[in-house]
Amino acid sequence: GMAWGARRCLAESGRRGPDDVARVGMDNIDLGRSSTPTLSTVSLLAAERGRIAATLLFERTHDRRPDLEPRTVSVRPRLIVRESSSNSAPGGGSLAR
């Protein structure tokens with residue numbers, strides 16, 4: 001993704017993260033936990049979004065209520081701070097926002 005492209009660009013320009021520039025990725029991919037430095041990320045909580053979507057679909061189909069009004073459901077993402085954006089977070093930490 002973009003965070004990996006930024007990493008390469010930074011390296012080519014002689015800059016290092018997190019000393020010079022902090023990087024944060026999206027969607028908490030496995031590669032982020034195993035990179036050096038580990039990549040901070042915004043977790044989009046895919047399993048939670050899937051559970052909510054399945055529940056809404058079940059309500060509409062199982063209860064035979066196709067007339068249900070559309071509704072907006074929000075799932076708050078979670079910021080996971082790791083080494084790529086913090087000199088003080090070796091091994092990573094998690095901050096719920």
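These questions and answers go through a predicted model of one chain.

Q: What makes up the secondary structure of the chain, and in which order do the elements run?
A: The chain has 3 helices and 3 strands. Starting at the N terminus, their order is α-β-α-β-α-β.

Q: What share of the chain counts as buried?
A: The cut-off for buried is a relative accessible area under 20%. Of the 97 residues, 23% count as buried. The accessible surface of the chain is about 7,000 Å², and carbon and sulfur atoms hold 55% of that surface.

Q: Which residues of helix α1 are called buried?
A: Helix α1 covers residues 2–12, and its buried residues are Ala 3, Trp 4 and Leu 10. Buried stands for under 20% relative accessible area, so these residues of α1 fall under that value.

Q: What covers the buried residues of α1?
A: The cover includes strand β1 (24–26) and helix α2 (30–34).

Q: What does Trp 4 touch, leaving out residues up to four places away in sequence?
A: A contact needs heavy atoms within 4.5 Å. Trp 4, which sits in helix α1, touches Arg 23, Ile 29, Leu 31, Gly 32, Ser 35 and Leu 39. Trp 4 and Val 24 are 20 residues apart along the chain, and their C-alpha atoms are separated by 9.7 Å.

Q: What share of the contacts with a separation of 6 or more joins residues 24 or more positions apart?
A: The share is 45%.

Q: How much space lies in the largest pocket, and which residues line the pocket?
A: The largest pocket holds about 170 Å³ of space. Its lining includes Arg 7, Leu 10 and Ala 11, along with Arg 15, Arg 16, Asp 19 and Arg 23.

Q: How does the lining of the largest pocket divide into nonpolar, polar and charged residues?
A: The lining has 4 nonpolar, 2 polar and 5 charged residues. Arg and Asp count as charged, so Arg 7 and Asp 19 of the lining belong to the charged group.

Technical notes. Residues are numbered from 1 along each chain as its sequence is written. This is a predicted model: local features need pLDDT of at least 70, side-chain atom pairs count only at pLDDT 80 or more; totals for chains, interfaces and linings use all residues. Side-chain values use heavy atoms; hydrogens and water are left out. On a 1 Å grid over the protein atoms alone, a cavity is a set of points where a 1.4 Å probe fits but cannot get out, and a pocket is an open set with protein on both sides within 12 Å along at least five of seven lines; lining residues have an atom within 4 Å of a point. Grid points are joined across faces, edges and corners, and a volume is the space filled by probe spheres set on the points. Helices (H or I, at least four residues) and strands (E, at least two) are DSSP runs, numbered from the N terminus. Buried means under 20% relative accessible area, exposed over 50%, partly exposed in between (1.4 Å probe, protein chains only). Accessible areas come from the Shrake-Rupley method with a 1.4 Å probe; for residues, only the protein chains shown count as cover.
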